[in-house]
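Look through the structure below before reading on. The text that follows takes a pair of helices, then a sheet, and then the surroundings of a ligand.

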Amino acid sequence: MSNNQPQKNRFGNTVQTDLPDDAPRARQPGHKLRTSNDIVDRSELESGNTQSASVHTLQGQQIQLVHIEEQVGLVRLETAQPASVPNQFTGPSYRNHSERFRFDGHKMLHHLDRVMAWQNGERFSPVHIDMGLTKFCNTACIYCYAVVQNMTKGSMIERDALLRYIEDCGRLGVRSLGFIGDGEPTLNPALYDATVLAGQQGIDTSMATNGLLLDMDRVHELLANMSWIRFNLSAGTPEGFQRVHQSKAKNFDLLVEKIRSLVAIKKEHNYDCTIGLQMVLIPECYDQVLAEAELGAELGVDYFVIKHCSDSEYKEIGIDYKDYASIEDVLKQAESLSTEEYVVQAKWNKIRASEETELYRNGYRKYDVCMGTPFLLQISGNGKIYPCGPFFNKERFYMGDLHDGSFFDLVNGDHYWNVHRDIAESVDVHKDCAIGCRQDYVNKFLWDIRNPPEHINFI
Ligand code: SF4
(Lines give C-alpha, C1' and ligand atoms only; values in the text may rest on other atoms or scores of the structure.)
Protein backbone atom coordinates (compact mmCIF):
# COMPACT_ATOMS: atom_id res chain seq x y z
CA MET A 1 0.00 0.00 0.00
CA SER A 2 1.77 3.07 -1.16
CA ASN A 3 -0.60 4.98 -3.36
CA ASN A 4 -2.63 6.66 -0.62
CA GLN A 5 -5.89 5.15 -1.75
CA PRO A 6 -7.97 3.74 1.06
CA GLN A 7 -7.16 0.04 1.27
CA LYS A 8 -7.88 -2.86 3.51
CA ASN A 9 -4.91 -3.67 5.65
CA ARG A 10 -3.87 -7.06 6.80
CA PHE A 11 -6.34 -7.00 9.64
CA GLY A 12 -9.21 -6.24 7.33
CA ASN A 13 -9.46 -2.58 8.39
CA THR A 14 -9.59 0.30 5.95
CA VAL A 15 -6.51 2.51 6.19
CA GLN A 16 -5.17 5.42 4.22
CA THR A 17 -1.72 6.97 4.16
CA ASP A 18 -0.63 10.37 2.88
CA LEU A 19 2.82 9.74 1.50
CA PRO A 20 3.97 12.05 -1.36
CA ASP A 21 4.84 10.01 -4.45
CA ASP A 22 8.30 11.51 -4.71
CA ALA A 23 9.24 11.14 -1.05
CA PRO A 24 12.26 8.87 -0.56
CA ARG A 25 11.35 5.52 0.99
CA ALA A 26 13.34 3.88 3.72
CA ARG A 27 14.88 0.58 2.64
CA GLN A 28 14.72 -1.00 6.05
CA PRO A 29 11.73 0.53 7.70
CA GLY A 30 11.75 -1.59 10.82
CA HIS A 31 8.65 -3.33 12.04
CA LYS A 32 5.38 -3.35 10.20
CA LEU A 33 2.88 -0.65 10.87
CA ARG A 34 -0.82 -1.20 10.52
CA THR A 35 -0.62 0.44 7.10
CA SER A 36 2.38 -1.20 5.40
CA ASN A 37 6.13 -1.12 5.37
CA ASP A 38 6.13 2.03 3.28
CA ILE A 39 8.01 4.65 5.37
CA VAL A 40 9.60 7.95 4.30
CA ASP A 41 13.35 8.06 4.79
CA ARG A 42 13.71 11.43 6.50
CA SER A 43 17.48 11.30 6.39
CA GLU A 44 17.24 11.48 2.60
CA LEU A 45 15.24 14.69 2.67
CA GLU A 46 17.16 17.70 1.56
CA SER A 47 18.74 19.41 4.53
CA GLY A 48 17.28 22.83 4.94
CA ASN A 49 17.05 25.77 7.24
CA THR A 50 15.33 24.71 10.43
CA GLN A 51 15.63 28.03 12.26
CA SER A 52 12.15 28.66 13.51
CA ALA A 53 12.62 32.38 13.36
CA SER A 54 13.13 32.51 9.62
CA VAL A 55 11.35 31.22 6.59
CA HIS A 56 13.39 29.06 4.25
CA THR A 57 12.46 29.11 0.61
CA LEU A 58 13.45 26.41 -1.77
CA GLN A 59 15.22 27.33 -4.96
CA GLY A 60 13.05 29.36 -7.27
CA GLN A 61 10.22 29.36 -4.79
CA GLN A 62 8.12 32.42 -4.01
CA ILE A 63 6.29 33.04 -0.77
CA GLN A 64 3.24 35.11 -0.12
CA LEU A 65 1.82 36.20 3.24
CA VAL A 66 -1.93 35.91 3.54
CA HIS A 67 -3.78 37.91 6.21
CA ILE A 68 -7.06 36.47 7.39
CA GLU A 69 -8.69 38.34 10.24
CA GLU A 70 -6.03 38.55 12.96
CA GLN A 71 -3.88 35.75 11.62
CA VAL A 72 -1.11 35.54 9.11
CA GLY A 73 -0.56 32.54 6.92
CA LEU A 74 2.23 31.76 4.48
CA VAL A 75 1.64 30.35 1.03
CA ARG A 76 4.40 28.87 -1.11
CA LEU A 77 3.62 29.71 -4.70
CA GLU A 78 4.00 27.19 -7.47
CA THR A 79 7.26 27.58 -9.36
CA ALA A 80 8.30 26.49 -12.80
CA GLN A 81 10.30 23.77 -11.14
CA PRO A 82 8.24 22.39 -8.26
CA ALA A 83 10.13 21.54 -5.14
CA SER A 84 11.25 17.99 -5.43
CA VAL A 85 11.46 17.35 -1.73
CA PRO A 86 8.24 16.96 0.21
CA ASN A 87 7.70 17.24 3.92
CA GLN A 88 10.57 19.68 4.37
CA PHE A 89 10.47 21.86 7.48
CA THR A 90 11.14 25.29 6.15
CA GLY A 91 10.04 27.52 8.99
CA PRO A 92 6.79 28.40 10.67
CA SER A 93 3.83 29.59 8.72
CA TYR A 94 1.44 30.41 11.55
CA ARG A 95 1.46 32.18 14.90
CA ASN A 96 -1.00 31.53 17.72
CA HIS A 97 -2.31 34.41 19.74
CA SER A 98 -1.62 34.31 23.44
CA GLU A 99 -4.66 34.52 25.67
CA ARG A 100 -5.12 38.01 27.10
CA PHE A 101 -7.47 37.01 29.92
CA ARG A 102 -8.15 33.60 31.45
CA PHE A 103 -11.89 33.75 31.97
CA ASP A 104 -12.54 30.09 31.46
CA GLY A 105 -10.03 28.23 33.60
CA HIS A 106 -7.58 28.70 36.47
CA LYS A 107 -4.07 30.10 37.02
CA MET A 108 -2.80 27.68 39.65
CA LEU A 109 0.34 26.95 37.67
CA HIS A 110 1.55 30.38 38.69
CA HIS A 111 1.32 29.50 42.39
CA LEU A 112 3.25 26.28 42.59
CA ASP A 113 4.87 27.31 45.88
CA ARG A 114 1.46 27.01 47.56
CA VAL A 115 0.68 23.83 45.65
CA MET A 116 3.94 22.36 46.97
CA ALA A 117 3.06 23.41 50.53
CA TRP A 118 -0.28 21.64 50.11
CA GLN A 119 1.44 18.57 48.72
CA ASN A 120 3.72 18.54 51.75
CA GLY A 121 0.82 18.82 54.19
CA GLU A 122 1.90 22.27 55.39
CA ARG A 123 -0.34 25.18 56.35
CA PHE A 124 -0.36 28.02 53.85
CA SER A 125 -2.20 31.24 53.08
CA PRO A 126 -4.93 31.55 50.47
CA VAL A 127 -3.77 32.72 47.07
CA HIS A 128 -7.04 34.54 46.54
CA ILE A 129 -10.10 35.52 48.58
CA ASP A 130 -13.47 36.45 47.15
CA MET A 131 -15.50 38.49 49.58
CA GLY A 132 -18.59 40.55 49.91
CA LEU A 133 -18.22 43.93 51.56
CA THR A 134 -21.96 44.05 52.21
CA LYS A 135 -24.77 41.55 52.33
CA PHE A 136 -27.40 43.53 50.49
CA CYS A 137 -27.90 45.24 47.16
CA ASN A 138 -29.58 48.14 45.39
CA THR A 139 -30.72 46.06 42.43
CA ALA A 140 -32.51 42.72 42.24
CA CYS A 141 -31.09 40.72 39.33
CA ILE A 142 -33.34 37.77 38.57
CA TYR A 143 -30.40 35.31 38.52
CA CYS A 144 -28.85 36.46 41.80
CA TYR A 145 -27.16 33.63 43.68
CA ALA A 146 -26.87 35.82 46.80
CA VAL A 147 -30.57 35.35 47.32
CA VAL A 148 -29.97 31.75 48.32
CA GLN A 149 -27.22 32.99 50.64
CA ASN A 150 -29.68 34.96 52.79
CA MET A 151 -29.23 38.64 51.97
CA THR A 152 -29.66 40.94 54.98
CA LYS A 153 -30.48 44.59 54.42
CA GLY A 154 -27.96 46.98 55.98
CA SER A 155 -25.46 44.29 56.93
CA MET A 156 -21.82 45.01 56.01
CA ILE A 157 -18.26 44.59 57.23
CA GLU A 158 -17.38 47.46 59.52
CA ARG A 159 -14.57 49.74 58.52
CA ASP A 160 -12.10 48.95 61.34
CA ALA A 161 -12.53 45.21 60.98
CA LEU A 162 -12.10 45.46 57.21
CA LEU A 163 -8.90 47.48 57.39
CA ARG A 164 -7.43 45.22 60.08
CA TYR A 165 -8.23 42.23 57.90
CA ILE A 166 -6.52 43.82 54.88
CA GLU A 167 -3.37 44.34 56.95
CA ASP A 168 -3.55 40.70 58.05
CA CYS A 169 -3.83 39.62 54.42
CA GLY A 170 -0.64 41.56 53.74
CA ARG A 171 1.15 39.78 56.60
CA LEU A 172 -0.13 36.42 55.40
CA GLY A 173 0.93 36.92 51.81
CA VAL A 174 -2.57 36.70 50.35
CA ARG A 175 -2.01 37.60 46.70
CA SER A 176 -5.35 38.94 45.61
CA LEU A 177 -8.73 39.99 46.92
CA GLY A 178 -11.90 40.13 44.87
CA PHE A 179 -14.61 42.34 46.30
CA ILE A 180 -17.07 39.96 44.75
CA GLY A 181 -19.61 38.44 47.04
CA ASP A 182 -23.10 38.29 48.37
CA GLY A 183 -23.72 42.05 48.33
CA GLU A 184 -22.95 45.16 46.31
CA PRO A 185 -19.47 46.42 47.35
CA THR A 186 -20.10 50.10 46.60
CA LEU A 187 -22.69 50.15 49.39
CA ASN A 188 -19.83 49.88 51.88
CA PRO A 189 -18.20 53.32 52.23
CA ALA A 190 -14.93 51.69 53.36
CA LEU A 191 -14.44 50.20 49.86
CA TYR A 192 -12.15 53.00 48.72
CA ASP A 193 -9.87 53.07 51.78
CA ALA A 194 -9.68 49.28 51.83
CA THR A 195 -8.56 49.27 48.19
CA VAL A 196 -5.85 51.85 48.79
CA LEU A 197 -4.62 49.97 51.88
CA ALA A 198 -4.50 46.70 49.96
CA GLY A 199 -2.40 48.42 47.30
CA GLN A 200 0.02 49.58 49.99
CA GLN A 201 0.22 46.01 51.27
CA GLY A 202 1.10 44.71 47.82
CA ILE A 203 -2.17 42.85 47.40
CA ASP A 204 -3.96 42.85 44.04
CA THR A 205 -7.62 43.82 44.23
CA SER A 206 -10.62 43.73 41.96
CA MET A 207 -14.33 44.40 42.18
CA ALA A 208 -17.56 43.26 40.60
CA THR A 209 -20.26 45.89 40.88
CA ASN A 210 -23.59 46.92 39.44
CA GLY A 211 -21.93 50.34 39.21
CA LEU A 212 -24.94 52.49 39.95
CA LEU A 213 -23.55 53.91 43.19
CA LEU A 214 -19.94 54.23 42.10
CA ASP A 215 -18.58 57.41 43.68
CA MET A 216 -17.08 59.18 40.67
CA ASP A 217 -15.19 61.56 42.97
CA ARG A 218 -13.20 58.62 44.36
CA VAL A 219 -12.74 56.40 41.33
CA HIS A 220 -9.10 57.46 41.03
CA GLU A 221 -8.41 55.47 44.21
CA LEU A 222 -9.94 52.40 42.59
CA LEU A 223 -8.38 52.84 39.16
CA ALA A 224 -4.92 53.44 40.63
CA ASN A 225 -5.02 50.35 42.83
CA MET A 226 -7.34 47.75 41.35
CA SER A 227 -6.25 45.24 38.73
CA TRP A 228 -9.73 45.15 37.28
CA ILE A 229 -13.26 46.44 37.72
CA ARG A 230 -16.11 44.40 36.31
CA PHE A 231 -19.62 45.65 35.81
CA ASN A 232 -22.31 43.07 36.36
CA LEU A 233 -24.50 44.01 33.46
CA SER A 234 -26.67 41.47 31.68
CA ALA A 235 -28.44 43.79 29.29
CA GLY A 236 -27.66 46.09 26.41
CA THR A 237 -30.86 48.14 26.36
CA PRO A 238 -32.92 50.01 28.99
CA GLU A 239 -35.81 47.61 28.45
CA GLY A 240 -33.60 44.56 28.95
CA PHE A 241 -32.00 46.19 31.99
CA GLN A 242 -35.37 46.71 33.59
CA ARG A 243 -36.32 43.10 32.93
CA VAL A 244 -33.14 41.34 34.06
CA HIS A 245 -31.92 43.62 36.84
CA GLN A 246 -35.35 44.70 38.02
CA SER A 247 -34.17 48.28 38.22
CA LYS A 248 -35.56 51.43 36.63
CA ALA A 249 -34.89 51.74 32.91
CA LYS A 250 -33.42 55.21 33.44
CA ASN A 251 -30.75 53.62 35.65
CA PHE A 252 -29.42 51.93 32.53
CA ASP A 253 -28.53 55.34 31.08
CA LEU A 254 -27.00 56.40 34.39
CA LEU A 255 -24.83 53.29 34.47
CA VAL A 256 -23.75 53.62 30.84
CA GLU A 257 -22.59 57.19 31.48
CA LYS A 258 -20.65 56.10 34.58
CA ILE A 259 -18.86 53.39 32.64
CA ARG A 260 -18.12 55.82 29.83
CA SER A 261 -16.61 58.30 32.32
CA LEU A 262 -14.58 55.59 34.03
CA VAL A 263 -13.07 54.50 30.72
CA ALA A 264 -12.24 58.12 29.86
CA ILE A 265 -10.56 58.72 33.24
CA LYS A 266 -8.57 55.50 32.90
CA LYS A 267 -7.32 56.49 29.47
CA GLU A 268 -6.58 60.06 30.42
CA HIS A 269 -4.47 59.02 33.41
CA ASN A 270 -2.99 55.86 31.93
CA TYR A 271 -4.26 53.61 34.67
CA ASP A 272 -3.59 49.91 34.11
CA CYS A 273 -6.90 48.84 35.61
CA THR A 274 -8.90 46.62 33.24
CA ILE A 275 -12.55 47.55 32.85
CA GLY A 276 -15.03 44.92 31.69
CA LEU A 277 -18.65 43.90 31.46
CA GLN A 278 -20.08 40.55 32.47
CA MET A 279 -23.37 39.01 31.48
CA VAL A 280 -24.83 36.10 33.40
CA LEU A 281 -26.53 34.10 30.68
CA ILE A 282 -30.16 33.25 31.28
CA PRO A 283 -32.97 32.94 28.73
CA GLU A 284 -34.33 36.28 29.79
CA CYS A 285 -31.27 38.06 28.45
CA TYR A 286 -30.63 36.03 25.29
CA ASP A 287 -31.98 38.92 23.23
CA GLN A 288 -29.50 41.27 24.94
CA VAL A 289 -26.27 39.50 24.04
CA LEU A 290 -25.54 41.28 20.79
CA ALA A 291 -26.78 44.63 22.05
CA GLU A 292 -24.42 44.44 25.02
CA ALA A 293 -21.50 43.26 22.89
CA GLU A 294 -21.99 46.33 20.71
CA LEU A 295 -22.43 48.56 23.72
CA GLY A 296 -19.12 47.36 25.18
CA ALA A 297 -17.33 48.20 21.93
CA GLU A 298 -18.90 51.62 21.86
CA LEU A 299 -17.95 52.32 25.50
CA GLY A 300 -14.34 51.29 24.95
CA VAL A 301 -14.19 48.72 27.77
CA ASP A 302 -11.54 46.01 27.64
CA TYR A 303 -13.85 43.05 27.53
CA PHE A 304 -17.35 41.64 27.58
CA VAL A 305 -17.55 38.16 29.03
CA ILE A 306 -20.63 35.95 29.01
CA LYS A 307 -20.83 33.33 31.71
CA HIS A 308 -23.15 30.51 32.59
CA CYS A 309 -25.53 31.01 35.49
CA SER A 310 -24.47 29.05 38.57
CA ASP A 311 -27.41 27.33 40.11
CA SER A 312 -27.63 26.03 43.64
CA GLU A 313 -27.64 22.42 44.74
CA TYR A 314 -31.39 22.70 44.80
CA LYS A 315 -31.51 24.42 41.42
CA GLU A 316 -33.30 27.29 42.87
CA ILE A 317 -32.57 29.55 39.93
CA GLY A 318 -34.07 26.92 37.66
CA ILE A 319 -31.44 26.93 34.93
CA ASP A 320 -31.91 24.42 32.14
CA TYR A 321 -28.34 24.08 30.91
CA LYS A 322 -29.49 22.24 27.81
CA ASP A 323 -31.13 25.42 26.62
CA TYR A 324 -27.76 27.12 26.16
CA ALA A 325 -27.31 25.15 22.95
CA SER A 326 -30.02 27.30 21.38
CA ILE A 327 -27.97 30.49 21.81
CA GLU A 328 -24.55 29.29 20.68
CA ASP A 329 -24.63 30.97 17.27
CA VAL A 330 -25.53 34.30 18.87
CA LEU A 331 -22.63 33.94 21.30
CA LYS A 332 -20.28 33.27 18.41
CA GLN A 333 -21.63 36.27 16.58
CA ALA A 334 -20.92 38.36 19.68
CA GLU A 335 -17.39 36.96 19.90
CA SER A 336 -16.76 38.02 16.33
CA LEU A 337 -16.87 41.64 17.53
CA SER A 338 -13.55 41.11 19.33
CA THR A 339 -10.67 43.32 18.29
CA GLU A 340 -7.10 43.85 19.52
CA GLU A 341 -8.42 46.17 22.21
CA TYR A 342 -11.78 44.58 23.02
CA VAL A 343 -12.26 40.93 23.92
CA VAL A 344 -15.71 39.36 23.67
CA GLN A 345 -15.72 35.86 25.06
CA ALA A 346 -18.21 33.26 26.19
CA LYS A 347 -17.13 30.82 28.90
CA TRP A 348 -17.62 27.83 26.68
CA ASN A 349 -16.34 25.24 29.14
CA LYS A 350 -19.22 25.96 31.46
CA ILE A 351 -21.81 26.94 28.87
CA ARG A 352 -21.25 23.68 27.03
CA ALA A 353 -21.72 21.61 30.17
CA SER A 354 -25.10 20.87 28.61
CA GLU A 355 -23.33 18.82 25.98
CA GLU A 356 -21.87 16.56 28.62
CA THR A 357 -23.46 13.29 29.59
CA GLU A 358 -26.65 13.33 31.62
CA LEU A 359 -24.59 12.80 34.74
CA TYR A 360 -22.28 15.83 34.36
CA ARG A 361 -25.06 17.94 32.99
CA ASN A 362 -26.91 17.53 36.23
CA GLY A 363 -24.11 18.86 38.38
CA TYR A 364 -21.86 15.85 38.90
CA ARG A 365 -18.19 16.79 38.94
CA LYS A 366 -15.15 15.32 37.24
CA TYR A 367 -13.57 14.92 40.67
CA ASP A 368 -14.89 13.52 43.91
CA VAL A 369 -13.34 15.70 46.59
CA CYS A 370 -13.14 19.45 47.19
CA MET A 371 -9.55 20.40 47.99
CA GLY A 372 -9.54 23.93 46.61
CA THR A 373 -10.88 25.95 49.52
CA PRO A 374 -7.51 26.64 51.24
CA PHE A 375 -6.32 28.21 47.98
CA LEU A 376 -9.46 30.18 47.26
CA LEU A 377 -11.45 31.27 50.29
CA GLN A 378 -14.75 33.12 50.34
CA ILE A 379 -16.00 35.55 52.96
CA SER A 380 -19.54 36.78 53.33
CA GLY A 381 -20.40 40.48 53.24
CA ASN A 382 -21.26 40.38 56.95
CA GLY A 383 -17.68 39.41 57.80
CA LYS A 384 -18.34 35.73 58.45
CA ILE A 385 -15.70 33.42 57.06
CA TYR A 386 -16.56 30.14 55.35
CA PRO A 387 -14.54 27.96 53.03
CA CYS A 388 -16.84 28.76 50.12
CA GLY A 389 -19.80 30.88 49.11
CA PRO A 390 -22.31 28.06 48.58
CA PHE A 391 -21.70 27.05 52.20
CA PHE A 392 -22.42 30.45 53.71
CA ASN A 393 -24.71 30.00 56.71
CA LYS A 394 -23.89 26.30 57.10
CA GLU A 395 -22.70 26.55 60.67
CA ARG A 396 -20.78 23.32 60.58
CA PHE A 397 -18.34 25.02 58.24
CA TYR A 398 -18.25 28.41 59.96
CA MET A 399 -14.65 29.51 60.52
CA GLY A 400 -14.93 32.85 62.30
CA ASP A 401 -15.87 36.51 61.95
CA LEU A 402 -13.66 39.36 60.79
CA HIS A 403 -15.16 41.50 63.56
CA ASP A 404 -14.07 39.13 66.29
CA GLY A 405 -10.32 38.98 65.95
CA SER A 406 -7.23 38.57 63.88
CA PHE A 407 -7.54 36.94 60.46
CA PHE A 408 -3.83 36.24 60.65
CA ASP A 409 -4.30 34.14 63.78
CA LEU A 410 -7.34 32.44 62.35
CA VAL A 411 -5.50 31.24 59.23
CA ASN A 412 -2.71 29.89 61.41
CA GLY A 413 -5.08 28.23 63.86
CA ASP A 414 -6.39 24.67 64.14
CA HIS A 415 -10.09 25.40 63.65
CA TYR A 416 -9.56 26.95 60.20
CA TRP A 417 -7.66 23.89 59.00
CA ASN A 418 -10.09 21.49 60.62
CA VAL A 419 -12.91 23.03 58.59
CA HIS A 420 -10.95 22.70 55.36
CA ARG A 421 -10.29 19.08 56.27
CA ASP A 422 -13.96 18.53 57.04
CA ILE A 423 -14.86 19.88 53.59
CA ALA A 424 -12.42 17.55 51.89
CA GLU A 425 -13.46 14.53 53.92
CA SER A 426 -17.20 14.90 54.27
CA VAL A 427 -18.65 16.89 51.39
CA ASP A 428 -20.11 14.98 48.47
CA VAL A 429 -19.32 17.39 45.66
CA HIS A 430 -21.74 15.62 43.35
CA LYS A 431 -24.72 16.19 45.59
CA ASP A 432 -23.99 18.88 48.19
CA CYS A 433 -22.54 21.63 46.05
CA ALA A 434 -23.61 24.45 43.79
CA ILE A 435 -23.30 23.72 40.09
CA GLY A 436 -20.05 25.12 38.66
CA CYS A 437 -18.90 26.72 41.91
CA ARG A 438 -15.99 29.17 42.02
CA GLN A 439 -13.45 26.52 43.06
CA ASP A 440 -14.44 24.11 40.31
CA TYR A 441 -11.46 24.61 37.97
CA VAL A 442 -9.04 24.60 40.93
CA ASN A 443 -10.55 21.40 42.30
CA LYS A 444 -10.14 19.64 38.99
CA PHE A 445 -6.48 20.67 38.85
CA LEU A 446 -5.79 19.47 42.41
CA TRP A 447 -7.69 16.23 41.79
CA ASP A 448 -5.45 15.51 38.82
CA ILE A 449 -2.37 16.05 40.99
CA ARG A 450 -3.67 13.77 43.73
CA ASN A 451 -4.82 11.07 41.29
CA PRO A 452 -1.98 10.69 38.82
CA PRO A 453 -2.16 8.17 36.01
CA GLU A 454 0.47 5.45 35.75
CA HIS A 455 3.90 6.21 34.21
CA ILE A 456 3.94 9.92 35.06
CA ASN A 457 7.57 10.29 34.02
CA PHE A 458 6.61 9.63 30.41
CA ILE A 459 5.45 13.17 29.95
S1 SF4 B 1 -16.94 21.98 45.58
FE2 SF4 B 1 -18.57 22.28 47.10
S3 SF4 B 1 -17.51 22.60 49.03
FE4 SF4 B 1 -16.04 22.88 47.41
S5 SF4 B 1 -16.05 25.06 46.99
FE6 SF4 B 1 -17.49 24.14 45.55
S7 SF4 B 1 -19.46 24.29 46.58
FE8 SF4 B 1 -17.90 24.60 48.15
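**Two helices side by side**

In this predicted model, helix 7 and helix 8 are roughly parallel to each other, because angles under 35 degrees count as roughly parallel and their axes cross at roughly 10 degrees. Helix 7 covers residues 289-299 and helix 8 covers residues 328-335, and their axes come within 9 Å. On the side of helix 7, the contact is made by Val289, Leu290 and Ala293. Helix 8 contributes Val330, Leu331, Gln333 and Ala334. Sorted by class, this contact of helix 7 with helix 8 has six nonpolar residues, one polar residue and no charged residues.

Strand 9 (residues 274-280) and strand 10 (residues 303-307) pair in the parallel sense, over five bridges. Leu277 stands opposite Phe304, which belongs to strand 10.

The last stop is the ligand. Which residues come nearest to the ligand? Of the 13 residues around the ligand, they are Cys370, Cys388, Cys433, Cys437 and Gln439. By class, the shell around the ligand divides into 10 nonpolar residues, three polar residues and no charged residues.

Note on methods. Residues are numbered from 1 along each chain as its sequence is written. This is a predicted model: local features need pLDDT of at least 70, side-chain atom pairs count only at pLDDT 80 or more; totals for chains, interfaces and linings use all residues. A residue is near a molecule or strand if its C-beta atom, placed from the backbone, lies within 6 Å of it. Ala, Val, Leu, Ile, Met, Phe, Trp, Tyr, Cys and Pro count as nonpolar, Asp, Glu, Lys and Arg as charged, and the others, Gly among them, as polar. Axes are lines fitted to C-alpha atoms, for helices over the stretch in contact, and angles run from 0 to 180 degrees between N-to-C directions. Helices (H or I, at least four residues) and strands (E, at least two) are DSSP runs, numbered from the N terminus. Angles under 35 degrees count as roughly parallel, over 145 as roughly antiparallel, 65 to 115 as roughly perpendicular and the rest as oblique. Two residues are in contact if their C-beta atoms, placed from the backbone, lie within 7 Å. Two strands pair if DSSP finds at least two bridges between them.
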